[in-house]
Amino acid sequence: MKKMITAAVCALASSLGLAETVTLSPIADATLFDGLDQNNAHGAGPHVFVGVTRDAYARRALVQFDLSQIPGNAVISGASLTLTVTRHLIGEPLVTVHRLTSEWGEGPTNAGEPGGQGAPALAGDATWVFRFFGTDNSWNNPGGDFEGAPSAQTVVTGFGTFTWSGPGLVADVQAWVSGNEPNFGWLLRGGEDSTFNAKQFGSRENADPAVRPVLVVEYTVAPACEPDVTQDGNVDQDDIFCLAQVVAGDPSCSSLDPDFNRDGNVDQDDIDALAQVVAGQPCP
């Protein structure tokens, strides 16, 4: 049975690391247009669209961010996606965010202002039918391949800036940063059970930087593995004995964080992990 961390051990445990916050701009965004021509696009235009038009045609926005500046061992504690409404229709205000499960292209098409109908797609554009127009790469499901359960949702009413956040977005970003899921970004949809509720958001190409999408990620990074528990300049059996002593409740031989394997518990697993490192295995 795992031992509870004693108050004395807790006093020795260091934090995961200093909290960091990074603000990211998209590397791609686009709109999927349902309608008479499902191969219209607007990837290079100044707006993306979400919702349903007067003519009962759906619009879905795609957005993707480069997370490479976040370390792969980071623990994500917060994620907030912000977009700004630049034009809208009345109607159903709920907009949901879904993790995309297929790769797609932004493309070069720009339908101009306002752009709500799109324009004939060019090579590389994402459309309602194709992930990359001009190729055989169609969506498995027309309108985008994405997780059905939303990662976040928020009510979007009128003009202004709106933010999606919560544990679902955190989980998505964590999976992408850790490499457990491929990062294809998110799809935004809303109001598809009604009509006359389409919303226009500023895209990454918008001339006004203030209305472009933004992703804010908060994270911490664990300190580097430190197997020299006794801090005597050697990594050997003495370090294993010392850590075993700390796990048993006597922290007198070390001032280091005893959670050696970084799993949130101080127990036999930490001793076993340290023993493997002493035997020549890499740090956990």
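Predicted model: local features only at pLDDT ≥ 70, side-chain atom pairs only at ≥ 80, totals over all residues.
Trainee: How many aromatic pairs does the model hold?

Mentor: A pair of aromatic rings is described by the distance of the centres and the angle of the planes. Rings count as a pair if their centres lie within 6.5 Å. By this rule, the number of aromatic pairs is five.

Trainee: Are the rings of Phe130 and Phe133 stacked or edge-to-face?

Mentor: The centres of Phe130 and Phe133 are 5.9 Å apart, and their planes make an angle of 80°. Planes over 60 degrees apart fall in one class, and those under 30 degrees in another. The pair of Phe130 and Phe133 is therefore edge-to-face.

Trainee: Is Phe133 buried, exposed or partly exposed?

Mentor: The relative accessibility of Phe133 is 23%. Buried requires under 20% and exposed requires over 50%, so Phe133 counts as partly exposed.

Trainee: How many residues apart are Trp164 and Phe201?

Mentor: Trp164 and Phe201 form an edge-to-face pair, with 6.3 Å between centres and 65° between planes. Trp164 belongs to strand 10 (residues 160–165), whereas Phe201 belongs to strand 12 (residues 199–202). The pair thus links distant parts of the chain, and the separation is 37 residues.

Trainee: Is Trp164 buried or exposed, and what of Phe201?

Mentor: The cut-off for buried is under 20% relative accessible area. Trp164 has a relative accessibility of 0%, and Phe201 likewise has 0%. Trp164 therefore counts as buried, and Phe201 also counts as buried.

Trainee: With which side chain does the side chain of Ser151 make a polar contact?

Mentor: Ser151 lies in the loop between strand 8 (119–120) and strand 9 (152–155). Ser151 is buried, because its relative accessible area is 13%. Residues that Ser151 touches include His98, Asp172 and Trp186. The polar contact, at 2.6 Å, is with the side chain of Asp172.

Trainee: Which residues does the cluster of ring pairs link?

Mentor: Trp186, one of the residues touched by Ser151, belongs to this cluster. The residues linked by ring pairs are Phe65, Trp176 and Trp186.

Trainee: Which residue in strand 10 is the bridge partner of Leu81?

Mentor: Strand 6 (residues 74–88) pairs with strand 13 (residues 214–221) in the antiparallel sense over eight bridges. Strand 6 is also joined to strand 10 by six bridges, again antiparallel. The partner of Leu81 in strand 10 is Trp164.

Trainee: Which residue in strand 12 stands opposite Arg87?

Mentor: Strand 6 and strand 12 pair in the antiparallel sense over three bridges. In strand 12, the residue opposite Arg87 is Gln200.

Notes:
Residues numbered from 1 in each chain as written. Heavy atoms only, no water. Phe/Tyr/Trp six-rings, centres within 6.5 Å; stacked < 30°, edge-to-face > 60°. Buried < 20%, exposed > 50% of the residue type's maximum accessible area, 1.4 Å probe, protein only. Helix = DSSP H or I, 4+ residues; strand = E, 2+ residues; numbered from the N terminus. Polar contact = N/O pair within 3.5 Å; in protein donor to acceptor, adjacent residues only side chain to side chain. Contact = heavy atoms within 4.5 Å. Pairing = 2+ DSSP bridges. Lists of a residue's contacts leave out its neighbours within four places in sequence.
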